[in-house]
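Colleague: Could you walk me through some side-chain contacts and a sheet in this model? I would like the cut-offs along the way.

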Amino acid sequence: MPPARKRRSRTNNPSDSEIIAPGGGTQADVDRLAKNLGMGSDAVAAILNSEGSGVASARRSRSSTSAPASSAVTSSAWADFMMDEGFNSSSAATPGDASADAPEGDSKRAKTDATNDTRRSNVTNVRSGVTVPREYILPIVPRNVKAGVLAQTGSLDSKMIGRTKRTLKEPYDLQEPTLLGYESIFGKQHVAVIATSSSACHSIVITENGHAYAWGRNEAGQCGFGSTTTCIPLPKKVELSGKFVAAAVGKSHSILVTNEGICYAAGFNKYGQCGVNSSNEAILTWRKCVLSNATGVKIVQAACGENFSVLLDSEGFMYSAGLSEFGQLGNGETGEYFIAANKIGFANATKFERRSVFVHKLGDSMEDAKKPPVPMPDSDNIRIGSISCGKNHTIAVEAPFTNKDAAGCRRVFTWGCGGYGVLGHGEQVDQYTPRMVNVFTGPLFQNNSPVRVCAGTHCSLVLTENGHVYYFGKHRSVGEATMRPSLIDVLANNAHVVSALGAGGQTVFCSTVNGVTVSWGVGQTGELGYGADNPKSSAKPKFVEKLDKVLVTDVSCGYGHTLFLLRDEDDEDKKVLENIAKMEVDDMESYMNKLSK
């Protein structure tokens, strides 16, 4: 049995000490931030206390650090300042192992293993301007997180979500995280993969032994049981041979990936999003996906938007299929054409095709903004390590590589619908080809590289090695959009190290290594998990009380519901799980027929 892990409840506040930086920052806070940035503590304190006015390290005295400040400086201002002032690796501390502070599932893959192969891609280091070959760690493997117990918050009445409004008073209206079928459905078997998406009212999970279960809305046959029903209230085993390692769901379609790298799809297929080389409107039973001009390819990850799908193979190459209206296929075009005088069609893809062109803009000046993106010099050799799809956009992070010190940080790419700044380029423009997000190549990320990405309906999240989360886009109907990646400083400034994150229709979740989970957004059917007697929305990150001290290993946000994997490894885990509500088949027996009609 592994040793019990020390947890920090949100109620345990650090001791008071002298305030020396804006926002109540102490010397310990400054030292921690300096370590993360790879800078000296004096320089960081000077930047914080400048309050955006700028501090040129070669021109200003550092004695100003002794003057306390009362107003906080936003994290985006710090980032902009550092880039404007030209901080580089010459003033940075020597970086350690890039995977040492990474979230658990990604750190295992990021470490160099003797059995892993490497591939080279020449790239210009942003710090030195020298072209350095990137030695990728291959093969890419299915995402690996600590298996645990499945929990859900949000109503099990999927036919109601987004269509009708009613008072949430039924037992199946889960308004707080609830263990779902742990004994009666899964036989106390741990779950290894959870999958839903910001457009989906259905879900798929995969147990440790590779069995898949599906439930939720099934009006297009997206659960793959051979028929259509309005709602499948509880997880039901998918009768398809094979051991599954990955899954993804769109608005009305689903994809399963086996350990042999074979993909199967079911559900709505009008735009070819199932990738079965057909545009039949509905695929009621699981069919094998078709990859164009690809032999010997092993798929390891999948992601689905509303009406499109993206696959990732073990070599880090991407494939997409489905609707191309906003450029979400990443093939450089929408293929727009007139079907009739008042009807427009698009060149949708009915089978998965490889996308190998990546573009960037060389600068952020007004003149550069007018120029179109250009292909990257190493475009053909770029390998991707993680993908995620929003409603009509995709975000991807580069695969890990061994020579981080020379080649720089892992790059982030976005494409598709650009509304609300969801692509992170500072403009509301659709991108038809994967485009590099320049912010994540700056000095701040040389020792704190992006490792994972997550997409909501109209927002994007990026998780870095140090457990910091950057947000861009918009997930609430009110307020301004965040046009460029911005640090969620309420977490970073309080020393929270995020290990799991998710974004849904109008929700965002972050869980930390110390057993703290926060959420914010709008959750009319209980998907924020605050409980029946609490508000159903929050403009700012708010603690999910029922998950206090619970180690959440993964989060997946859907439309009207949220899934969690809760660690169940030691006695302390089991003790805190006793406080979580439970829902078994017997509890739902009298409601099953009502919900399925």
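The questions and answers below go through a sheet, salt bridges and aromatic rings.

Modeller: Happy to! This is a predicted model, where local features need pLDDT of at least 70, side-chain atom pairs count only at pLDDT 80 or more, and totals for chains, interfaces and linings use all residues. Residues are numbered from 1 along each chain as its sequence is written, and side-chain values use heavy atoms, with hydrogens and water left out.

Colleague: What is the strand order in the open sheet of five strands?

Modeller: Strands are DSSP runs (E, at least two residues), numbered from the N terminus, and two of them pair if DSSP finds at least two bridges between them. Strands E33 (552–557) and E35 (581–583) each pair on one side only, as edge strands. With mixed pairing, the order is E33-E34-E3-E4-E35.

Colleague: Which residue in E4 stands opposite Ser155?

Modeller: Strands E3 (residues 149–155) and E4 (residues 173–180) pair in the antiparallel sense over four bridges. Opposite Ser155 is Asp173.

Colleague: How far apart are the closest N and O atoms of Arg166 and Asp173?

Modeller: A salt bridge here is a side-chain nitrogen of Lys or Arg within 4 Å of a carboxyl oxygen of Asp or Glu. Buried means under 20% relative accessible area, exposed over 50%, and partly exposed in between (1.4 Å probe, protein chains only). Asp173 is buried at 6%, whereas Arg166 is partly exposed at 30%. The two form a salt bridge, and their closest N and O atoms are apart by 2.7 Å.

Colleague: Which residues are linked with Arg567 in a network of salt bridges?

Modeller: One link is the salt bridge between Arg567 and Asp573, at 2.8 Å from N to O. Both of these residues are buried. Linked with Arg567 in the network are Lys146, Glu569, Asp570 and Asp573.

Colleague: What is the angle between the planes of Phe440 and Tyr470?

Modeller: Rings of Phe, Tyr and Trp (its six-membered ring) pair if their centres lie within 6.5 Å; planes under 30 degrees apart count as stacked, over 60 as edge-to-face and the rest as tilted. Phe440 and Tyr470 are edge-to-face, with 5.9 Å centre to centre and an angle of 85°.

Colleague: At what angle are the planes of Phe440 and Phe472?

Modeller: Phe440 lies in the loop between E24 and E25 and Phe472 in strand E27, so the pair ties together parts 32 residues apart in sequence. Both are buried. Their ring centres are 6.3 Å apart, and the pair is tilted because the planes are at 50°.
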